[in-house]
Amino acid sequence: SERERAHWARELHDQTLQEMATVKLLLGMAVRADDDAVRDDLLVQARDQIDESATDLRRLVAELRPAMLEHDGLCSAIESLANRTASLGRVDVIFRCEGGVDDPRSDLGLSSDVEAMVYRIAQEALTNVAHHSQARTAQVELTIADGRLVVQVSDDGVGFDPDARQDGFGLIGMRERADLMGGDLRVESRSGGGTLVTLAVPIEEGVTA
């Protein structure tokens, strides 16, 4: 929990506060500008920066409290994550959800806390794809197999050594969440060979694909 709070604090500091500092600088320059055209251009830049910051804040709010998870189910919520990753323009994301997971009315026997942890693991995996993998394409898959919900996030990026020391929240937090819900998390990767993250979580007995 402390690591996650630190993660969001860094997000706000490195992004939102820096953007607000840029707006302040632009407005200060506009106040001091003698030329009307220069002043107007600075004000337009400040306005555009505010619009961009508002978009970023809406994204952060959506990530902090995934409302779609409550209203539309796990499949739709993770599909929204995949779409947001693709919208960054760095990687094409293919999404597939089947075997009953795609029906928001189906009861998978997962508590709301477990669903939220599954969502966070998928979110972290997609964040890594977007910011670190240098991938061209990625795939997100949700299925039911052998009495377990299986979530897979794969990419064709540069890969990394999953056994190397991890200083950030990333893989450590993903593994901790998997352990908390009695799930199994596997990370397969090698330099130049892409990455595959597989999460398997036990579901209610009797739910089948």
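Before you click on anything, a word on labels: helices (H or I, at least four residues) and strands (E, at least two) are DSSP runs, numbered from the N terminus. This is a predicted model, where local features need pLDDT of at least 70 and side-chain atom pairs count only at pLDDT 80 or more, while totals for chains, interfaces and linings use all residues. Residue numbers start from 1 along each chain as its sequence is written, and side-chain values use heavy atoms, with hydrogens and water left out.

Start with the sheet. Its 5 strands run in the order E1-E2-E3-E5-E4, forming an open sheet with mixed pairing (two strands pair if DSSP finds at least two bridges between them). Colour 92-97 and 184-189 next: these are the edge strands, E1 and E4, each pairing on one side only.

Zoom in on E4 and its partner E5 (residues 195-202), which pair in the antiparallel sense over 6 bridges. Pick Val187 and you'll find Val197 of E5 opposite.

Now select 170-180. That's helix H6, which lies across E4 and E5, running at about 150° to E4. Contact here means heavy atoms within 4.5 Å; axes are lines fitted to C-alpha atoms, for helices over the stretch in contact, and angles run from 0 to 180 degrees between N-to-C directions.

Which residues of H6 are buried? Show Gly170, Leu171, Gly173, Met174, Arg177 and Ala178 (buried is under 20% relative accessible area, exposed over 50%, partly exposed in between, with a 1.4 Å probe and protein chains only). Seen down the H6 axis, these buried residues fall within an arc of 160°, so they line one face of the helix; the arc is that of the directions from the helix axis to the C-beta atoms.
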